[in-house]
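These are my notebook entries on what I looked up in the structure, written in the order in which I went through it.

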Protein chains: 2
Amino acid sequence: MKLTILGCHSASPQINTHPTSQVLEIRNHVFLIDCGEGTQVQLRKYKVRFSRIKHIFISHLHGDHYFGLVGMISTFRLLGRETELHIHAPKGIKEVITLQMKLADSWTNFPLYFHELSSKTSEMIFEDENVEVHTIPLDHRVYTNGFLFKEKPFERKLNIHKAQDAKINKAYFRKLKQGFDVENEDGELIKNDMVTSPGPKPKRYAFCSDTAYNESIVPLIKDVDAIYHESTFLEQHKDLAKPTKHSTAKEAGKIATMASVGQLILGHFSSRYDDIENFKEEASEAFQGNIILAETGKEIVI
Amino acid sequence: MKLTILGCHSASPQINTHPTSQVLEIRNHVFLIDCGEGTQVQLRKYKVRFSRIKHIFISHLHGDHYFGLVGMISTFRLLGRETELHIHAPKGIKEVITLQMKLADSWTNFPLYFHELSSKTSEMIFEDENVEVHTIPLDHRVYTNGFLFKEKPFERKLNIHKAQDAKINKAYFRKLKQGFDVENEDGELIKNDMVTSPGPKPKRYAFCSDTAYNESIVPLIKDVDAIYHESTFLEQHKDLAKPTKHSTAKEAGKIATMASVGQLILGHFSSRYDDIENFKEEASEAFQGNIILAETGKEIVI
């Protein structure tokens, strides 16, 4: 799993800071998470092939998380895209996008699907043989979801020599990889772990932005390998975090500790701070694990 | 009058090319013309103070001419703007912008006025003591206007010494600047041009994008000091210009010649061309006057 940060600052795009957007490469998917203004240019800059993006997940309908979406869809159209595109976003997204298409008299040639979200409890919104995506209901000023990206278990690794020595017919190899015990050519039952070893551990990544400090998400993100948790403010502006329903770095650290996450990625920094190193310091007061500061263009292997 | 080009390429924003947006400084106004995605960042880059922009003119509702508007309005709100803002744009703009505000539950604190355009003939859409703005109906795939920015006549220059020598009371100086003949203290009529000279010549700038070749605009833009005319294509792609209702550089040159304009500014270049010098060359086959290639960040004194 590889995460590329396209933008990690809150509110307005500026010359050197970009609003929220990330690319998650997971198994064969390239998922786009949030899409602030300018995201299509960031995708070009970091050489993400447009056609590989088939699913876009939008956390909420504040501009810094989706104002780049309509322009990106429009660019896909201009480039002659044929691949289908799925938008998973709060209710309302379809009306906004289609209204703008209607006014421009410009409809996509490629299939465009809107999957509008409105559930206040976690739900699975995408599944295939390799991956699941679940919502993480967050506590923000408007309806907001984080997203939990889960790899499904990998197949077990088959030791072909051992399987041949155990006289297992090739026809059963697939079953072995799936973890079943099988009979060999002499009719003996061969225990699966005699000829296979576990595949790689499936990974989980949780994206949680924007949100007030919210302990109710902990069970959903328990033991994830990495969490991106917003930290708009430092402790000195704790009084601003509450009414705007954002978190401080220390609060992000607390959530990370309660959920025993593998690594904590901080982002959604307010533009009032010149030095973001302080975010790491304050989060580390509450979380002893690995802390990464999001940075435009940074690639994070999970 | 000073024009600053913030973006002059057609269709999608890219790393080094920006969609249409210009700033026109005219008398005390700072007018924003079109507002493609990323315009707010361009304004920061070229140090245009947000609060000075009180009127935004949008030619049409294709994304490369207005997708930056909603984010800019949102940024104005976040910065605590109090100054009023007027949007002059085709019918539909109010619904698009207010729908997005509603979904974000974020309303402006400053007064925001929508002046929706739908007339198919030229109309005056702004006037104060110094400036008039008129629409220039264009021929594009959706309802589109260019804009004609006209300085009103400047006051005449008063030669105070001559006025005093002619025994004219100070109370009449304002009338003299306005061009009237006045009586002096001896009751004699003093002809205005005895004590005044003409003020600077008022200037006119016409913004014409996007449009197919359209001779019907010529009477509206006759003798303007400068015209920005779109030239999306070179002659080799003339076959593309027609169905997409765009112009070639040569066609822009023809319009400039028919209207006897002072200078022709070319822009809205398709991203398929690496070398835009050819646009100048082709336009010069049809127009012998001064031709300027628009360029991001270029300042043009009119």
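I began with a pair of helices in chain B, and noted that α10(B) passes α11(B) in a right-handed crossing, where a crossing is called right-handed if the near helix is turned clockwise from the far one by less than a right angle, and left-handed if anticlockwise. The helices are DSSP runs of H or I with at least four residues, strands are runs of E with at least two, and both are numbered from the N terminus. I read off that α10 of chain B covers residues 249–258 and α11 of chain B residues 277–284, and that their axes come within 7 Å and cross at roughly 45°. That makes α10(B) oblique to α11(B), since angles under 35 degrees count as roughly parallel, over 145 as roughly antiparallel, 65 to 115 as roughly perpendicular and the rest as oblique. The axes are lines fitted to C-alpha atoms, for helices over the stretch in contact, and the angles run from 0 to 180 degrees between N-to-C directions.

I then listed the residues that make this contact: Ala249(B), Lys250(B), Ala252(B) and Gly253(B) on α10(B), and Phe279(B), Glu282(B), Ala283(B) and Ser284(B) on α11(B). Two residues are in contact here if their C-beta atoms, placed from the backbone, lie within 7 Å. Sorted by class, the contact has four nonpolar, two polar and two charged residues; Ala, Val, Leu, Ile, Met, Phe, Trp, Tyr, Cys and Pro count as nonpolar, Asp, Glu, Lys and Arg as charged, and the others, Gly among them, as polar.

A note on the source: this is a predicted model, in which local features need pLDDT of at least 70 and side-chain atom pairs count only at pLDDT 80 or more, while totals for chains, interfaces and linings use all residues. Residues are numbered from 1 along each chain as its sequence is written, and chains are lettered from A and ligands numbered from 1 in the order in which they are written.

I looked up the corresponding helices in chain A, and found that the axes of α10 (249–258) and α11 (277–284) of chain A come within 7 Å and cross at roughly 45°, with α10(A) passing α11(A) in a right-handed crossing.

Next I asked how the two chains are related. Chain A can be laid on chain B with an RMSD of 0.1 Å by a turn of 180° and a shift of 0.0 Å along the axis, the superposition being by least squares on the C-alpha atoms of residues with pLDDT of at least 70 in both copies. The two copies are thus related as by a two-fold rotation axis. Of the residues of chain A, Gly38(A) comes closest to that axis, with its C-alpha at 3.1 Å.

How many residues of chain A are in contact with chain B? I noted 30 of chain A against 30 of chain B. On the side of chain A that touches chain B, α1 (39–45), α3 (69–78) and α4 (93–104) each supply at least two residues, and α4(A) gives the most, with six. This side divides into 13 nonpolar, eleven polar and six charged residues. Because 100% of the interface residues of chain A are also interface residues in chain B, the copies meet through the same surface.

Glu95(A), Val96(A), Leu99(A), Gln100(A) and Leu103(A) meet Glu95(B), Val96(B), Leu99(B), Gln100(B) and Leu103(B).

Finally I checked the backbone. Most residues other than glycine have a negative phi, and most peptide bonds are trans. The bond from Ser209(A) to Asp210(A), however, is cis, with omega near 0°, and Asp210(A) sits in the loop between β14 (204–208) and α8 (218–221) of chain A. In chain B a cis peptide bond joins Ser209(B) and Asp210(B), with omega about -5°. Asp223(A), in the loop between α8 and β15 (226–230) of chain A, has a positive phi of about 65° although it is not a glycine.
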